[in-house]
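Subject: Structure for you to look at

Hello,

Here is the structure I said I would pass on, with its sequence. My notes follow below it.

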Amino acid sequence: MSRMEIRTQQEIGKHSVIWVFDGEAPSEAVVPAVETGYVNNQPFGATKTYSDISDLDEYGNVKGIWSFDGWYKTTKGTGSTLVTNGKIPNDDVVIHGKWS
């Protein structure tokens, strides 16, 4: 007799939105938490934005300013920017944030 894996109805077809920063980012910027429980074609929002963040030296002097460039479908801030929303494909989604 073979073993059969049994999943609950809730686990079948559920997907996650995973947020990451590609490349360098200011230490004060917090990546949004993974969002779980999405189903195929369900809308999700990519609306999290950030204000500019000052990059300070050890004495508190401003060395530069970090600016958030937006959320992208592909790594390194290439491809289409997700300005406000998207739809879940039949898989998990990784959304890439870019800072400059």
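Two strands are counted as paired if DSSP finds at least two bridges between them. Please keep in mind that this is a predicted model.

The sheet

With that rule, four strands make up an open sheet in the order E2-E1-E8-E6, and the pairing is mixed. Strand E2 (35-38) and E6 are the edge strands, each pairing on one side only. From one strand to the next, the twist averages 20°. E6 and E8 are joined by four bridges and run in the antiparallel sense. On that side of the sheet, Trp-71 stands opposite Gly-97 in E8.

The aromatic residues

The structure has ten aromatic pairs. One of them is formed by Phe-21 and Phe-68, whose rings are 6.4 Å apart centre to centre, with 65° between the planes, an edge-to-face arrangement. Phe-21 belongs to strand E1 (residues 15-22) and Phe-68 to strand E6 (residues 68-72), so this pair ties together parts that are 47 residues apart in sequence. Both Phe-21 and Phe-68 are buried.

Phe-21 also pairs with Trp-99. Their ring centres are 6.0 Å apart and their planes stand at 90°; planes over 60 degrees apart count as edge-to-face, so this pair is edge-to-face. Since Trp-99 lies in strand E8 (residues 93-99) and Phe-21 in strand E1, the pair ties together parts that are 78 residues apart in sequence. Trp-99 is buried, as is Phe-21.

Ring pairs join these residues into a cluster made up of Trp-19, Phe-21, Tyr-50, Phe-68, Trp-71 and Trp-99. Tyr-50 has a further contact, with a charge: the charged end of Lys-48 sits over the Tyr-50 ring, 4.7 Å from its centre.

The nonpolar core

Which residues of the largest nonpolar core touch the most other members? This core has 16 residues, and the answer is Val-17, Phe-21, Phe-44, Trp-71, Ile-95 and Trp-99. Strands E1, E6 and E8 each supply at least two residues of the core.

Regards

How values were computed. Residues are numbered from 1 along each chain as its sequence is written. This is a predicted model: local features need pLDDT of at least 70, side-chain atom pairs count only at pLDDT 80 or more; totals for chains, interfaces and linings use all residues. Side-chain values use heavy atoms; hydrogens and water are left out. Rings of Phe, Tyr and Trp (its six-membered ring) pair if their centres lie within 6.5 Å; planes under 30 degrees apart count as stacked, over 60 as edge-to-face and the rest as tilted. Buried means under 20% relative accessible area, exposed over 50%, partly exposed in between (1.4 Å probe, protein chains only). A charge sits over a ring if NZ of Lys or CZ of Arg is within 6 Å of the ring centre and within 35 degrees of the ring normal. Axes are lines fitted to C-alpha atoms, for helices over the stretch in contact, and angles run from 0 to 180 degrees between N-to-C directions. A nonpolar core is a set of buried Ala, Val, Leu, Ile, Met, Phe, Trp, Tyr and Cys residues joined through side-chain atoms within 4.5 Å.
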